[in-house]
Amino acid sequence: MINIPVLTIDGPSGSGKGTVAQLIAKDLGWHYLDSGALYRVLAQASIKHGFELGDETSVSTLAQNLDVVFSVKNDELEVLLEGQNVSTLIRSEQAGNAASKVAALALVRNALLERQRDFRQLPGLVTDGRDMGTVVFPDAPYKIFLNASAEVRAQRRHKQLKEKGIRSNISVLITEISERDERDYNRSVAPLRPAADAIQLDSTSLGIENVFDRVRAILR
Ligand code: C5P
């Protein structure tokens, strides 16, 4: 495992980490893990099975047995939950908020740990999330922490949601994103933090291509 390289890109929502991670993975021909999608799917599955999002025992048991399949189709991540395509459903801001509720539960995070580590396959892995560099892959040789101002992040989310055909309102988004960030930064288990050995980048005034170039330069 130790010899399989991993690039972790952590940061708050809308920092651009998902887009950059996918581009880098494609460029390098490495595997890609969108760890946020795992929490989003789990929250959807919990709702589907009628569990309260704070019911740690039920949600963590579900996490252990979660029937989810990820695949990349036409450069887009396709997510199947119990055989049903939930790729668009899990992208709404409500789904993100529900994800951050189940993600605050220690037993749930534990239940998903090995599943995430299993993505570490040759020739390498690019992964994005909140605790990729701190908890899931602490020995990763390449770690980035990507941030941007709350306003720019809300604008990016707005654009992304629009592209997926999901309607949103910027001021509502700013409130929802701040609420989610607050929960992610302040939870007691695996809070959103840059790893001590992560390189921090601020993408507020950088286009995705610039961030991509910088990350590529760091890898070199
Ligand atoms: O990255 P994304 O916005 O899809 O993540 C949705 C939510 O999942 C985050 O707000 C966070 O609460 C949770 N998450 C997490 N740890 C990760 C990835 C996502 O707690 N590694």
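Which side chain meets that of glutamate 93 in a salt bridge? To answer this in the predicted model, select glutamate 93 and arginine 157: their side chains form a salt bridge, with an N to O distance of 2.9 Å. Arginine 157 belongs to helix H7 (residues 150-163) and glutamate 93 to helix H4, so that the pair links distant parts of the chain, 64 residues apart. Both arginine 157 and glutamate 93 are buried.

Glu93, Arg157 and Arg180 are linked in a network of salt bridges.

Next, select arginine 91 and aspartate 34, whose side chains meet in a salt bridge at 3.1 Å, N to O. Because arginine 91 lies in the loop between strand S5 (84-85) and helix H4 (93-102), while aspartate 34 is in strand S2 (residues 31-34), the pair ties together parts that are 57 residues apart in sequence. Arginine 91 has 15% relative accessibility and counts as buried; aspartate 34, at 11%, also counts as buried.

Then move to aspartate 184 and arginine 130. A salt bridge joins them, and their closest N and O atoms are 3.4 Å apart. Here, too, distant parts of the chain are linked: aspartate 184 is in helix H8 (residues 170-186), and arginine 130 is in the loop between strand S6 (125-129) and helix H6 (132-136), 54 residues away. Aspartate 184 counts as buried at 3% relative accessibility, as does arginine 130 at 13%.

Finally, return to the whole structure, in which a search finds 17 salt bridges; the pairs visited above are among them.

How values were computed. Residues numbered from 1 in each chain as written. Predicted model: local features only at pLDDT ≥ 70, side-chain atom pairs only at ≥ 80, totals over all residues. Heavy atoms only, no water. Salt bridge = Lys/Arg side-chain N within 4 Å of Asp/Glu carboxyl O. Helix = DSSP H or I, 4+ residues; strand = E, 2+ residues; numbered from the N terminus. Buried < 20%, exposed > 50% of the residue type's maximum accessible area, 1.4 Å probe, protein only.
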